[in-house]
Amino acid sequence: MVAWADRIRPAWDKTQSGAPVFFHRKVWEWIYILEALHGRGLLHEDSRGLGFGVGTDPLAAVFASFGCDLVATDLAAEDSGAGHWSDSGQHAATLGHLNQDGICEESVMERHVAFRPADMRQIPADLDDFDFTWSACAFEHLGSLAAGAAFILNQMECLRPGGVAVHTTEFNVSSNGATLGAGDTVLYRRRDIERLVRTLQQLGHRVEVDFSSGDSPADLHVDAPPWPGPHLKIRLDRFVTTSMALIIEKSAAPASPSWRPTAGWRTRAAGQRLRFSTVPRVRGVASRLRHWRDGGTGHEDPVPSCPC
Ligand SMILES: C[S@@+](CC[C@H](N)C(=O)[O-])C[C@H]1O[C@@H](n2cnc3c(N)ncnc32)[C@H](O)[C@@H]1O
């Protein structure tokens with residue numbers, strides 16, 4: 001882990017101070033994704049990866065330095081939602097943004113990485129047959145619990161059979177009841193993740209998920225403004241939240257034709273690809289999406305900005 005942290009050091013130790021590894025959620029997410037894909041033998045020439053909501057994270061630069069061919073995507077700069085992220089230095093609009101810390105040689109980036117705008121709520125159909133997909137700290141920012149869950153299900157269509165998806169998100173440590181179910185940042189509860197995992201398993205995919213939240217002093221500290229750290233758990237609204245990751249291995253065979261989606265999700269007529277079920281976009285199913293829209297609790301609290 002320390003080796004990965006050092007490899008991406010320019011992204012978190014901007015002044016190159018040589019400081020010891022920093023207990024920060026974001027650094028944990030990046031390292032987790034790197035290790036998950038490296039450990040599964042997916043970081044090599046001939047491996048194709050697809051990133052979502054990449055912002056200025058260092059992952060595309062590291063993957064490219066292994067020789068992977070990548071399509072790295074982020075919300076289009078002209079999308080009204082992108083301004084917030086570019087103001088906080090977390091949005092990519094060009095290839096240059098993906099290597100701003102100089103982790104990969106520029107010529108290697110140019111050879112191996114294509115940047116294109118893509119909305120995670122409407123994944124372009126031509127993005128398919130990848131060996132791996134990834135996102136860090138992104139699918140909780142799609143407006144609702146349902147939109148993030150729909151993204152996870154839909155992006156499986158971008159993988160070849162046996163391909164691997166690794167996505168990190170925001171996890172509500174303090175509540176499996178009330179949560180932030182809609183707004184700029186949503187907090188997934190254990191029951192939301194379990195529901196998503198069940199659906200993925202019904203589709204024949206293998207899912208690894210770990211709910212243990214650690215018991216070291218850094219794990220037990222809950223950070224709050226002015227953020228003295230450690231920054232693994234933070235207070236957000238009235239909840240304690242942290243990062244969690246999903247590793248999903250795509251089924252080698254298509255899902256059984258007898259499979260039917262969980263109430264609230266609909267498949268495209270011809271196949272298994274799930275449609276996005278965001279409340280504003282899909283008319284007529286809003287009432288069936290109630291569980292996701294408000295977390296089943298009536299809470300739809302918006303939060304002002306990303307804490308990560
Ligand atoms: C918190 S930032 C994370 C950026 C980067 N992955 C990181 O780890 O630093 C959230 C990212 O999600 C992107 N994003 C938000 N909504 C999106 C959408 N609907 N489609 C695609 N990307 C989106 C933002 O533009 C931003 O790049």
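**The ligand and its surroundings**

In this predicted model, a polar backbone atom of Gln90 lies 2.8 Å from an oxygen atom of the ligand, a polar contact being a pair of N or O atoms within 3.5 Å. The protein covers 98% of the 600 Å² of accessible area that the ligand has on its own, as given by the Shrake-Rupley method with a 1.4 Å probe. Residues are numbered from 1 along each chain as its sequence is written. Local features need pLDDT of at least 70 and side-chain atom pairs count only at pLDDT 80 or more, while totals for chains, interfaces and linings use all residues; side-chain values use heavy atoms, without hydrogens and water.

Side chains also take part. An N or O atom in the side chain of Trp30 is 3.0 Å from an oxygen atom of the ligand, and an N or O atom in the side chain of Arg121 is 3.4 Å from a nitrogen atom of the ligand.

Around the ligand there are 22 residues, the closest being Gly53, Asp57, Asp74, Gln90 and Met120; a residue is counted if one of its heavy atoms lies within 4 Å. This shell comprises twelve nonpolar, five polar and five charged residues, with Gly classed as polar.

Turning to the cysteines, the structure holds zero disulfides, defined as pairs of cysteine sulfur atoms within 2.5 Å. Cys68 is buried at 0% relative accessible area, and Cys104 is buried at 5%, where buried means under 20% with a 1.4 Å probe and protein chains only.

Notes: Polar contact = N/O pair within 3.5 Å; in protein donor to acceptor, adjacent residues only side chain to side chain. Buried < 20%, exposed > 50% of the residue type's maximum accessible area, 1.4 Å probe, protein only.
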